[in-house]
Amino acid sequence: MYVYDQFDHALVRERNAEFSDQVARRLSGELSEDQFKPLRLMNGLYLQLHAYMLRIAIPYGVLSSVQMRRFAHIARTYDRDFGHFTTRQNLQFNWIKLADTPKILEELAEVEMHAMQTSGNCIRNTTTDQFAGAAKDELDDPRPWAELIRQWSTIHPEFTFLPRKFKIAITGATKDRAAIRVHDIGLHLTPKGFDVYVGGGMGRTPHLGHLIKSGVPGEKLLSYLEACLRVYNRYGRRDNIYKARIKILVSALGPDEYARQVEEEWAQLDQAAIDAPYYEIDRIRTFFPDPAYADKAFDAAALDRAKAADPGFARWVRNNTHPHKRDDHVSVTISTKPVGLPPGDASSAQMDVMADVADSFAYSELRVAHDQNIILPHVAKADLYDLYQQLDRVNLSTANAKKITDIIACPGLDYCSLANARSIPLSQEISKKFSDANLTDEIGELEIKISGCINACGHHHVGHIGILGVDKQGIEVYQIMLGGRADEKAALGVITGKGLSAEAVPGALERVVRLYLQLRTSPAERFIDVVERLGRETFAEALHEPA
Amino acid sequence: MWLSVWAVKLLQRRFMSQLNSSATPTLIAKDGTRILDGWALLNDEDVVGADGPYVLGFERALNELPGLNGKYGVRINPGDDIRALSPYMEKIALVEVNFPGYRDGRGYSTARILRSDLNYQGEIRAVGDVLRDQLFLMLRCGFNEFLLKDADPEGAIKAATDRFENAYQSATDARQPIWALRKQLAGA
């Protein structure tokens, strides 16, 4: 993974000094909370319902065992012994004291981490495929490009006060695991350069991104992005926070007109000054080599014996491993979603174990996936059973990757000051409803995503089943959306049936799922495929209690 | 004649600014020296004298600069397209970029377009909600004068100048992007 040089270190040190100074000015009363707010937001520090929350950037979701261990230490020392992995491949600590933040940032800087631009109306952490550099279906590795964008966007002098936050995602594989069409800018790395999608997003007014240019050469990527951002910075709406994302601008202008303006701006930019030349891109590439793969003799028969002896292991291998470009390796998903616990949370003890197993079995590298799980990108098949047993001891062996209990949920009313409804308790109730492993496996791939308000932090628009909590005269009501997906066939879910009470949702989902099992032509036909084939209205009736 | 307009404007400006800021704004240059404001922002009804230190509103500049000779100031609000004034760059000696609120970042693009695309060499002054925490970004975008709300304006300029030695991107200041410095280091 990328290793800081003297320049990267100095910049983070300088930024931390600046922020420490701002915190000191706030603590001394020189800055009011109003004046401090935009400054702390530039460094990922939110004031939530109960305490400060610090969001730490995990660039494109890639982290080392050393960094994971440091998270554990911070959770133990400064928080309530746990942290929360987010859908944007970051980590949040929810119970932070303001006075501790400079010290925490110092501890992070020691392991080449920071909290810059994890909030505020600036370019946020660029996200990518959690299996980057490992997946069998990858054409090119998106990580060096994500690192290039990270550097270019860090403290960008022109784009720090955009109309609204700005999120970029990149994929380099056939299957889109980075949800590029629901990002402000989605980049698809192809052999001919980058396909650039602009204007996707979720929130109150979801849009799928439009392809505005194909084949942008890598060595011109930054100047093209700069042109995209400049048009948005100048013409994006600033009169209404809910209409300020780039999707509204692109939709108002029309994608063709937006693309034309970008082209015009691009032509006027000093591209040679902006674009990092190929030697820099090559320099960054050198940090993302294949690991020194261990040539461990893989005994397929031994693996089969272990699976036969331990059905839990067999199930975990079936559900939580992903094909690797090398046949003797796999990528492993560590689920942060055991039945009945909040999605994305991990205790310091669990973080330590994840760091340890990364050292023992995964070349010391981990990833945070956008579904909030942790990935070990390279694991020798020969090590799978040892790995599984170590994870199992700390409740990290839940075998539900991409299954109905692998739910994305926002923090909801329990933590968030914006929420109208609870999401985590509902996700817990749903996962209890489907706690039968055989049933879950029979259902196969099914993504449920829950948001506690229309801001859509739980990505309900792109859940195969999306659930949106709203407040109707003081009562929490949940709307059900069907047919959403964020992959290479991206689509937005549509509200189906009437809103339900929290108590009614798990039963309704069970009826929908039973109907799906009757309707599918084979186990290979997933829920989302059946919705596509038969239409979501097929399931409308099943959502409601039979009269 | 223009002197009295200037004095009234100056007083108005000082008074207006004080209403919503803790410190009296100070006009200061990027090298940390205080500047006496010689410019006067004209209202629509004010007459433009020949070649005086007048600051014209954007619309007025568009309408009148074609017929004027000499050097003028123009005031740019966030929604104004600076490129519309590109034919008159040689008549402009000061661009006042107004930040009605610090959250509105359109002025940063205005300054960069002036410096990079329009090759403008005159003064670019940030006015309005200008606070010390924005100075580093403004310096990088090509601003060189600031009507700054800060109790210690010299200290604020110094902090902004010294805070970051290098930057990842090229902008309009003298800093070379870090990728260029890396190349030099590797070649040395």
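**Notebook: a predicted two-chain model**

I looked up residues 402-545 of chain A, whose end C-alpha atoms lie 27 Å apart; this span is 28% helix and 17% strand. I took helices (H or I, at least four residues) and strands (E, at least two) as DSSP runs, numbered from the N terminus.

I note that this is a predicted model, in which local features need pLDDT of at least 70, side-chain atom pairs count only at pLDDT 80 or more, and totals for chains, interfaces and linings use all residues. Residues are numbered from 1 along each chain as its sequence is written, and chains are lettered from A and ligands numbered from 1 in the order in which they are written.

**Annotation**

I found that the UniProt record, an unreviewed entry, carries the annotation "domain: Nitrite/sulphite reductase 4Fe-4S" for residues 119-267 and 402-545 of chain A. UniProt positions follow the numbering used here, feature names are shortened, and annotations may be inferred rather than shown by experiment. Residues 119-267 of chain A are 32% helix and 17% strand, with 31 Å between the end C-alpha atoms.

I recorded four bridges between β17 (residues 448-451) and β18 (residues 465-472) of chain A, paired in the parallel sense; two strands pair if DSSP finds at least two bridges between them. A:Ile450 stands opposite A:Ile467 in β18(A). β18(A) is also joined by eight bridges to β19 (residues 475-482) of chain A, and these two run antiparallel. Here A:Asp471 faces A:Glu476 in β19(A) as its opposite residue. The two strands β18(A) and β19(A) form a hairpin with two residues between them, and A:Gln473 in the turn has a positive phi of about 50 degrees.

**An open sheet in chain A**

I traced an open, antiparallel sheet of five strands in chain A, in the order β1-β2-β5-β4-β13. β1 (45-47) and β13 (345-347) of chain A each have a single partner strand, so one side of each is left without a neighbour in the sheet. The twist averages 30 degrees from one strand to the next; axes are lines fitted to C-alpha atoms, for helices over the stretch in contact, and angles run from 0 to 180 degrees between N-to-C directions. Helix α3 (residues 65-78) of chain A packs on the sheet, touching β4 and β5 (91-96) of chain A, and its direction makes about 15 degrees with that of β5(A). Contact means C-beta atoms, placed from the backbone, within 7 Å. Three bridges join β4 (residues 82-85) of chain A to β13(A), with A:Phe82 opposite A:Ser347.

**Nonpolar core**

I found that A:Cys228 and A:Met354 touch the most other members of the largest nonpolar core, which has 200 residues. Such a core is a set of buried Ala, Val, Leu, Ile, Met, Phe, Trp, Tyr and Cys residues joined through C-beta atoms within 7 Å. A residue is buried if 20 or more other C-beta atoms lie within 10 Å of its own. Not counting residues up to four places away in sequence, A:Cys228 touches A:Ile185, A:Val198 and A:Val262.

**Chain B**

I counted six helices and seven strands in chain B. Of its 188 residues, 38% count as buried. I then listed the interface: 27 residues of chain B are in contact with 29 residues of chain A. On the chain B side, the largest share, six residues, comes from α3(B).

Notes:
Two residues are in contact if their C-beta atoms, placed from the backbone, lie within 7 Å. A residue is buried if 20 or more other C-beta atoms lie within 10 Å of its own, exposed if 12 or fewer, and partly exposed in between; C-beta atoms are placed from the backbone.
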